[in-house]
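The sequence and the structure come first.

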Amino acid sequence: MVGLGVRVRLQHSLFLPHQPLTRFAHSSSSIFTLSNPPTSPRFYVLAHSNNQNRHVHEDEPPSSSSSSSSEQLEWIRNSGIISSCLVGLLTGVAVVLFNNTVHEIRDFSWDGIPDRGASWLREAPIQDTWKRVILVPAFGGLFVSLLNLLSNSNSNFISRPFFKAIAASVTLGTGNSLGPEGPSVDIGNSIAKWIASTPFFTSARILPLLAAGSAAGLAAGFNAAVAGCFFAVESVLWPSDSNSSLSLTNSTSTVILSAVIASVISQIGLGSQPAFQVPDYDFRSPAELPLYLLLGVLCGLVSLTLSCSTSYMFTIFDNLHKATGMPKASFPILGGLSVGFIALLYPEILYWGFENVDILLESRPFVKGLSIDLLLQLVAVKIVATSLCRASGLVGGYYAPSLFIGGATGMAYGKLIALAVAQSNSVIDLSVLEVASPQAYGLEKKLAWHG
C-alpha cells in the first residue's frame with residue numbers, strides 16, 4: 001500500500017446504518033463527496049494500491065502514523081528551539097575547551113608564572129627574561145603561519161574553523177596582543193553553520209542560527225548572556241536584509257535561549273567569576289557630568305586612531321608583499337617578533353587574560369598603580385601592537401585589546417583630573433569640584449568602548 005494523500009469528505013451524520021457500502025473510482029487528486037445533507041464534514045486519508053480501489057467505511061479511523069511522523073520531522077526541521085539548544089550546548093563546550101587550551105599554552109610558554117599579569121616582567125631583571133619575551137610571541141607566529149598554510153590547503157568547511165581555533169589558541173597563549181572574543185564568536189558561527197547544513201534542519205533558519213551562535217560564543221567567552229544577546233541582535237539580526245520586523249522578533253527567543261545555555265555551560269567549565277574585577281567607585285557630584293562628556297569625545301578619538309592604525313598596518317603589509325614577494329603566510333612571524341620587541345619595554349601589552357586590565361584599574365591587592373605618563377604610553381603602544389597583530393595574520397579579536405586601551409585611557413584621564421583639582425591655583429580654583437576616583441573614569445571608558 002502506498003499512501004497518496006487522497007481526501008474524502010463525508011457530508012452526513014456520524015452513523016448511517018441504512019446506507020449501502022459504496023465503491024468509488026478515483027484519481028490521486030480526487031475529492032469525494034457523499035450526497036447526504038451536511039452535518040459535520042470529516043476528512044479521511046485513503047490508502048490506495050496500484051491495482052484496486054479500496055472500500056471506505058464512514059466510521060473507519062484514519063491512518064495517521066505516516067503523516068504524524070512527517071509532521072514531527074518537519075517540526076524538528078523548522079523549530080528554533082531544538083536548534084538553538086544544540087548551538088548553545090555545543091558552543092559552550094567548545095568555548096570552554098578553547099579557553100582551557102589558551103591557559104595551558106600560556107602556562108607552558110611562560111613556565112607557569114602566577115596569574116598576576118604581565119607586569120612581573122617589568123619587575124624581573126631584563127637579562128633573565130629578554131629571550132623568552134622575544135621568542136615566545138615569535139614562535140607563536142611561526143606556529144600560526146604553519147596552521148594557516150595547512151588551513152588554506154584544506155577546503156573542508158569543518159576543518160578550517162578547527163584550524164582557526166587552534167591558531168587563535170596559540171596566538172593568545174603566546175601573549176600576542178589580541179583577544180579571545182573574536183574566536184569565540186567564530187566558533188559559535190561555525191557550529192551554527194554546521195547544524196544548519198545537516199538534513200535535520202532547514203537552511204531557511206540560517207540567519208537566526210548564526211545569531212544564536214554569535215550570542216552563544218560571546219556569552220560563553222565572557223560569562224555574560226545578556227551582552228551576548230545584545231551583540232547578536234545588533235551585529236547579526238539588525239543589519240540583515242530581512243524586510244520584516246517579525247523575523248527579528250521570532251529570532252530573539254532563539255538568541256536568548258542559546259546564549260543562556262552557553263553561559264551556563266561556561267560557568268560549569270570555567271567558573272562563575274567575572275572576567276575582571278570591578279573596583280569600588282562612586283559618583284560624587286553632577287558637576288562631573290561635563291568631565292564624562294569630554295571623556296566620551298576622547299573615546300571617539302582613540303577609537304578612530306585604532307581603526308586608522310589597523311588600516312595603515314594592512315597597507316604596510318600589502319606593500320611589503322608586493323615589493324619583496326614575501327609570502328603572506330610568513331607575516332604572523334613578523335607580527336609575533338614585533339610584539340616581543342615591544343614587550344621588552346612595555347610587557348603589559350602581552351595578552352595575559354584580563355589580569356592586565358585589573359592592573360590598570362588597580363583592583364587587585366598589593367598592585368602598584370601605574371603613573372599617568374606610563375598609562376598614556378601604554379595606550380599608544382597597545383594600539384600599535386594590536387594593529388600589527390591583526391594586519392600580520394595572527395588570529396584573535398579586538399574586544400580584549402579595546403578594554404585595555406579604554407581602561408588605560410580612562411585611568412590616565414581620571415588621574416589627570418584628580419591632579420588638576422589637587423593643584424588648583426587662584427586663577428583656576430577647582431578645589432570645590434568633587435570628582436570621583438580614577439577607577440570610575442577607567443570603567444566608564446572601558447565599558448563604553450563597544451557600547
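Which residues of helix 7 and helix 8 meet? The model in which this is examined is a predicted one.

## Helix 7 against helix 8

On the helix 7 side, the contact is formed by Leu 207, Leu 210, Ala 211, Ser 214, Ala 215, Leu 218 and Ala 219. Helix 8 contributes Ala 225, Ala 227, Gly 228, Cys 229, Phe 231, Ala 232, Val 236 and Leu 237. Sorted by class, these residues are 13 nonpolar and two polar, with no charged residues.

Helix 7 covers residues 206-222 and helix 8 covers residues 225-237. Their axes come within 8 Å and cross at roughly 140 degrees. The crossing is right-handed.

## The two sides of helix 8

The buried residues of helix 8 are Ala 225, Gly 228, Cys 229, Ala 232, Val 236 and Leu 237. Viewed down the helix axis, these buried residues fall within an arc of 100 degrees, so they line one face of helix 8.

## The loop residue Asn 223

Asn 223 lies in the loop between helix 7 and helix 8. Its phi is positive, at about 55 degrees, although Asn 223 is not a glycine. With a relative accessible area of 22%, Asn 223 is partly exposed, because the cut-off for buried is under 20% and that for exposed is over 50%.

## Val 95 in helix 2

Helix 2 spans residues 80-109 and includes Val 95. How accessible is Val 95? Its relative accessibility is 0%, and Val 95 therefore counts as buried.

Once neighbours within four places in sequence are set aside, Val 95 is in contact with Ser 184, Gly 217, Ala 220 and Gly 221. Gly 217, Ala 220 and Gly 221 fall within the range of helix 7, residues 206-222. Val 95 and Val 185 lie 90 residues apart in sequence, with a C-alpha to C-alpha distance of 9.1 Å.

## Helix 10 against helix 14

The contact is made by Leu 291, Leu 294, Leu 295, Leu 298, Val 302 and Leu 306 of helix 10, together with Ile 405, Thr 409, Tyr 413 and Ile 417 of helix 14. By class, there are nine nonpolar residues, one polar residue and no charged residues.

Thr 409 belongs to helix 14. Is Thr 409 buried or exposed? Thr 409 is buried, with a relative accessible area of 6%. Its C-alpha atom is separated by 9.7 Å from that of Leu 360, which is 49 residues away along the chain.

## The chain as a whole

The secondary structure of the protein chain comprises 15 helices and three strands. The chain has 451 residues, and 45% of them count as buried.

Among contacts with a separation of 6 or more, 78% are between residues 24 or more positions apart. The accessible surface comes to about 23,300 Å², and 63% of this surface belongs to carbon and sulfur atoms.

Key
Residues are numbered from 1 along each chain as its sequence is written. This is a predicted model: local features need pLDDT of at least 70, side-chain atom pairs count only at pLDDT 80 or more; totals for chains, interfaces and linings use all residues. Side-chain values use heavy atoms; hydrogens and water are left out. Contact means heavy atoms within 4.5 Å. Helices (H or I, at least four residues) and strands (E, at least two) are DSSP runs, numbered from the N terminus. Ala, Val, Leu, Ile, Met, Phe, Trp, Tyr, Cys and Pro count as nonpolar, Asp, Glu, Lys and Arg as charged, and the others, Gly among them, as polar. Buried means under 20% relative accessible area, exposed over 50%, partly exposed in between (1.4 Å probe, protein chains only). Accessible areas come from the Shrake-Rupley method with a 1.4 Å probe; for residues, only the protein chains shown count as cover. Axes are lines fitted to C-alpha atoms, for helices over the stretch in contact, and angles run from 0 to 180 degrees between N-to-C directions. A crossing is left-handed if the near helix is turned anticlockwise from the far one by less than a right angle, and right-handed if clockwise. The arc is that of the directions from the helix axis to the C-beta atoms.
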